[in-house]
Amino acid sequence: MTIQKPDPIVIFDTTLRDGEQSPGASMTLDEKVQIANLLDEMGVDVIEAGFPIASDGDFEAVSEIARQVKNSVVAGLARAIPADIARAAEAVRHARRPRIHTFVSTSPIHLTHQMKKTEDQVIDIIEATVAQARGLVDDVEWSAMDATRTPIAYLKRCVEVAIRCGATTINLPDTVGYATPSEYRAMFEAMRDVPGADGVIFSTHTHDDLGLAVANSLAGIEGGARQVECTINGLGERAGNAALEEIVMAIKTRGDALPYSTRIETTHLTRASKLVSMASGFQVQYNKAIVGANAFAHESGIHQDGMLKHAETYEIMRPEDVGVHATSLVMGKHSGRHAFRQKLEEMGLELGDNALQDAFRRFKELADRKKHVYDEDILALVEDQFTEEHERARVMSLTVIAGTGGPQKAILVMDVDGKHITAEATGSGPVDAVFNAVKKILPHEAKLALYQVHAVTAGTDAQAEVSVRLSQDGRIESGRSADVDTLVASAKAYVAAVNKMMARRGQHAQALHATL
Ligand code: KIV
Ligand code: ZN
């Protein structure tokens, strides 16, 4: 009897490209590089690092990731435009394994209303742009945007041309999240007789508008796709993309029904989820599969009883397999530097000497204010430190006068480009007063689109984690921070969002507070 080996699936992560396209999810260069290095370490096969023609920042991020990543293929996205393709090639040129990913719409609705091109004109575009890309790198992915709303006969014609002109991966996206699993599977099955199909890898790329992204990806695999495009936490345009952690764990857990394999080291999934959530400012919902805070929590008496008797009664995956460790009491104010360093290592956090020194100082301050310091507290503290290190404006101190009788008043001291500035402001409520004080130091027109608070751990002394989203001229920026004092966390989160807004606009803080 021969035992069949599970078919390997190429995991293509697009958190840094499609994920970053979610309104408000923009990330800094350092955050992107940190995420890319973790994806590489985790065993992601292809990292789509960005859209190099979109901005100088995107170009720089793709180039830096291409330089740093050790094993993964690094892909840059390009429209079917010669200048885009040349720019993508330049951005990935330092990668050990560079890929150009070029795409064009194929559906009648896109051709008629958006591109104003005929089917034959699009065929010519595919011919020219795929050939151009293939002249620049050996690894070329071609995508048929809105493939799932494209008539099969025309889609096959496009795919045939892309293969003939040198594409090595053919991606058939469900761009608008419209397909059902059986339709998506059938589309891949229909591609099997396209000339050259057996020499390329077909890929899924699904969006979650109807909540079907992961189901569609798995159906695509059953239909013959061997690459899956996905994102950490399902981040992505509109309702998001298929979640990497869900696809990988479905394959790992249900090998009996899904005879496939991936190279992903699943114990890094929780860490990756936290890192992406921190960098994007998008909180992970509590009941999110695999990485949500409640994914392995058992509340009802019957479930708890079963769990105590035998974990498999109510658990289909082991929490440790996705990197979840029982919340542990770490250390208190008497813990030393050595123990702290060891704890960070256990949590997979690597800090340089200066960063470690700073983190230890922050830990001691926290331990003075909070009785029990948990893993989650340490993670929040390191995340905050990482964000602040890259910011030009920082909160130094905050005093708030609140309570009945208002108006509430905030006195805020900030460091802006090395200069200490103090502002006082009132508001309807303490949070409003704090935000008004920030506005006095960093004047801006952005509107508050979201203000959210949640506790990092249980207890009245828990750190509050605050998320803020600001919107201006159709752009959204988010900031996040944690502190035992909700108002301090609010001020820091708001300032983090303003910092991102300033960085994006390339404005100089000096110019901003010169107007005071
Ligand atoms: O959803 C989509 O079609 C895309 C393409 C650019 C691959 O993101
Ligand atoms: Zn997409």
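Biologist: Which residues of helix α9 (residues 244–253) are buried?

Modeller: In α9, the buried residues are L244, E245, I247, V248, M249 and I251. Buried is under 20% relative accessible area, exposed is over 50% and partly exposed lies in between, with a 1.4 Å probe on protein chains only. Helices are DSSP runs of H or I with at least four residues, strands are E runs of at least two, and both are numbered from the N terminus.

Biologist: And what do those buried residues pack against?

Modeller: They pack against β2 (10–13), α1 (29–42), α8, β9 (227–230), β10 (260–261) and α10 (269–280). Contact here is heavy atoms within 4.5 Å. Keep in mind that the model is predicted: local features need pLDDT of at least 70, side-chain atom pairs count only at pLDDT 80 or more, and totals for chains, interfaces and linings use all residues. Residues are numbered from 1 along each chain as written, chains are lettered from A and ligands numbered from 1 in written order, and side-chain values use heavy atoms, leaving out hydrogens and water.

Biologist: Switching to metals, which residues coordinate the zinc ion (ligand 2)?

Modeller: D18 through OD, plus H205 and H207 through NE2, at 2.0 to 2.1 Å. Donors are N, O and S atoms within 2.8 Å of the metal (3.2 Å for Na, K and Ca), and sites may look incomplete because water is not among the atoms. Along the chain the donors follow the spacing D-x186-H-x1-H.

Biologist: Is H205 buried or exposed?

Modeller: H205 is buried, with a relative accessible area of 4%. H207 is buried too, at 4%.

Biologist: Back to helices. At what angle do α7 and α8 cross?

Modeller: The axes of α7 (residues 181–190) and α8 (residues 213–222) cross at roughly 30° and come within 8 Å. From α7, P181, Y184, R185, F188 and E189 make the contact, and from α8 A215, N216, A219, G220 and E222 do.

Biologist: How far apart are the axes of α1 and α2?

Modeller: They are 10 Å apart, and α1 packs on α2 (residues 56–68) at an angle of about 35°. L29, K32, V33, A36 and N37 of α1 meet D58, E60, A61, E64, I65 and Q68 of α2.

Biologist: New topic: where is S471?

Modeller: S471 is in strand β17 (residues 464–472). S471 is partly exposed, at 25% relative accessibility.

Biologist: What does S471 contact, leaving aside neighbours within four places in sequence?

Modeller: Those contacts are A446, K447, A449, I476 and M501. As for L155, 316 residues away along the chain, its C-alpha atom is separated from that of S471 by 39 Å.

Technical notes
Axes fitted to C-alpha atoms, helices over the stretch in contact; angles between N-to-C directions.
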